[in-house]
Every structure is written in C-alpha cells, then in structure tokens.
Amino acid sequence: AWTPDGARVVFVSGRSGSRQLYVMKTDGSEVRQLTTLPGGADQPVVSPDGAKVAFTGYPGARDGQSDIYVMSLDGGQPVPVTTTRDRLEDHPFYFATGELGWAEEGNGKNEPDRVVRQGAPAALLSSDLTLQGVTLSRDGSRLAWVGTRPSERNRNALEFTFQWRALASGAETTVRLLPGERITSPSF
C-alpha cells in the first residue's frame, strides 16, 4: 500500500515468523516493523492524509477472529476499530474523506456478508455470496467486489462473481466471467 506522497510503502512480510506489517521508503531504506499481533496482520491500506494505516489483524490464532485495526504510520500501538467475536471483518478501505469501510462476514446462514462504512447506519452492500475481495474507487463513487458460492454442478467447487456498484445510485454491474475463471483481488 503506497502512501499518498509516494515516498513510502506498507507491506506484509513473514520475516519475523508471522505475517506482520512493515513500512519502508521506496528506495528500500528505513525498513521498520509496524505490527506484532499474535496472529499477524494483513491487507494494509493507507489513509488519504498518509498519517494512518488500517489493516486486518488477528488478535489470536491466524484462523480465528479477525478485526480491523488502525495505527499511526509513524508507529505506536494498533487500535482495534472492531472487536466482534461472532464475525470476521476484513478488506479495509478508506474513503477520500478519511472515513473507513470494511467487509463483514455474515453471522450464520441467515445473515448476509456486508460491506459497511464506519458509523453509518446502513450497509453499503449486503450479499448472500461470500465476499472474497472488496475495493473502493479512488474517488469513492464505486465499490467493486468478488463473491463466491458453492457450484450447483460440483459442491466441492466455487463459482465466482465480479461486480461493482455505483454508490450514489445503487446501480450494479456484473462483469461476465469465463467458465471456471477465478477473480481474487479487485482494484481500481
């Protein structure tokens, strides 16, 4: 994840034994570890003002609870934005205004996966699909996501869908995929 000024990059590495966040100058100098969460950290995104980094963190085991954290890009203690024990949160993103959004895994079969904006009363997106990737356009006008569901023809396989939504109008577009095509990381 690049800083807005292009001077530094935040990245994930397992060089300390678990996946953690690091920051360095773009010439490769001044590499510094940012996180030391027991289960690791992933999916960093830098705030529009370049002061903070949001990420998916694992306070315990890597296959357990995941929450959204924010911390200063200069270092310090990560602050949990979410601490929900009954759902997983991941894929954080920033709006141009500095507001934070992320994906939430539904709690059970009766609750869909959602994409939320911090402090907003309604979800930006609710889906019966399992959200695999979520991203916001740079101008904050469109949300793109990848979702999966079990294949109707082969219960051991997944069917992928790639869609985006214009946030102002709610209009959705589905991108037609080739048979068997797997999309994993949407990006604007």
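Predicted model: local features only at pLDDT ≥ 70, side-chain atom pairs only at ≥ 80, totals over all residues.
Where is V45 found? Residues are numbered from 1 along each chain as its sequence is written, and side-chain values use heavy atoms, with hydrogens and water left out.

**Figure 1. V45 in its strand, β4.** V45 is found in strand β4, residues 41-46. A quick word on labels: strands (E, at least two residues) and helices (H or I, at least four) are DSSP runs, numbered from the N terminus. V45 counts as buried because its relative accessibility is 16%. Buried means under 20% relative accessible area, exposed means over 50%, and partly exposed is in between (1.4 Å probe, protein chains only). Leaving aside residues up to four places away in sequence, V45 touches A1, K52, V53, A54, P92, F93 and Y94; touching here means a contact, with heavy atoms within 4.5 Å.

**Figure 2. The open sheet that β4 belongs to.** Four strands line up in the order β4-β5-β6-β7 and form an open sheet with antiparallel pairing. Two strands pair if DSSP finds at least two bridges between them. Strands of a sheet pair through backbone hydrogen bonds, either parallel or antiparallel. At the edges sit β4 and β7 (79-80), each of which pairs on one side only. β4 and β5 run antiparallel and are joined by four bridges. Further in, β5 (residues 52-57) and β6 (residues 67-72) pair in the antiparallel sense over six bridges.

**Figure 3. Stepping across from V45 to V70.** Which residue in β5 stands opposite V45? That would be A54. Carry on into β6, and the bridge partner of A54 is V70. V45 and V70 are 25 residues apart along the chain, and their C-alpha atoms are separated by 9.5 Å. Back at the turn, the hairpin of β4 and β5 has five residues between the strands, and G50 takes a positive phi near 75 degrees there.

Figure 4. Rolling a probe the size of a water molecule over the atoms shows where empty space is left. The largest pocket has a volume of about 850 Å³. Of the 28 residues that line this pocket, the closest to its centre are V45, F93, T135, L136 and S187. How is a pocket found? On a 1 Å grid over the protein atoms alone, a pocket is an open set of points where a 1.4 Å probe fits, with protein on both sides within 12 Å along at least five of seven lines; lining residues have an atom within 4 Å of a point. Grid points are joined across faces, edges and corners, and the volume is the space filled by probe spheres set on the points. β4, β8 (89-94) and β12 (130-136) each supply at least two lining residues, and the largest share, five residues, comes from β12. By class, the lining has 16 nonpolar, 11 polar and one charged residues. Ala, Val, Leu, Ile, Met, Phe, Trp, Tyr, Cys and Pro count as nonpolar, Asp, Glu, Lys and Arg as charged, and the others, Gly among them, as polar.

**Figure 5. The second largest pocket.** This one has a volume of about 370 Å³. Of its 19 lining residues, E159, F160, L178, P179 and G180 are the closest to the centre. β14 (158-166) and β15 (172-175) are the elements that give two or more residues to the lining, and β14 provides the largest share, five residues. The lining divides into eight nonpolar, five polar and six charged residues.

Figure 6. The structure holds seven salt bridges, each a side-chain nitrogen of Lys or Arg within 4 Å of a carboxyl oxygen of Asp or Glu. One of them joins R149 and E159 (3.4 Å, N to O). R149 lies in strand β13 (residues 142-150) and E159 in strand β14, so the pair ties together parts that are 10 residues apart in sequence. E159 is partly exposed, with a relative accessible area of 22%. Another salt bridge links E104 and R114, whose closest N and O atoms are 2.9 Å apart. E104 is in strand β9 and R114 in strand β10. Is E104 buried or exposed? E104 counts as buried because its relative accessibility is 11%, while R114 is partly exposed at 28%.
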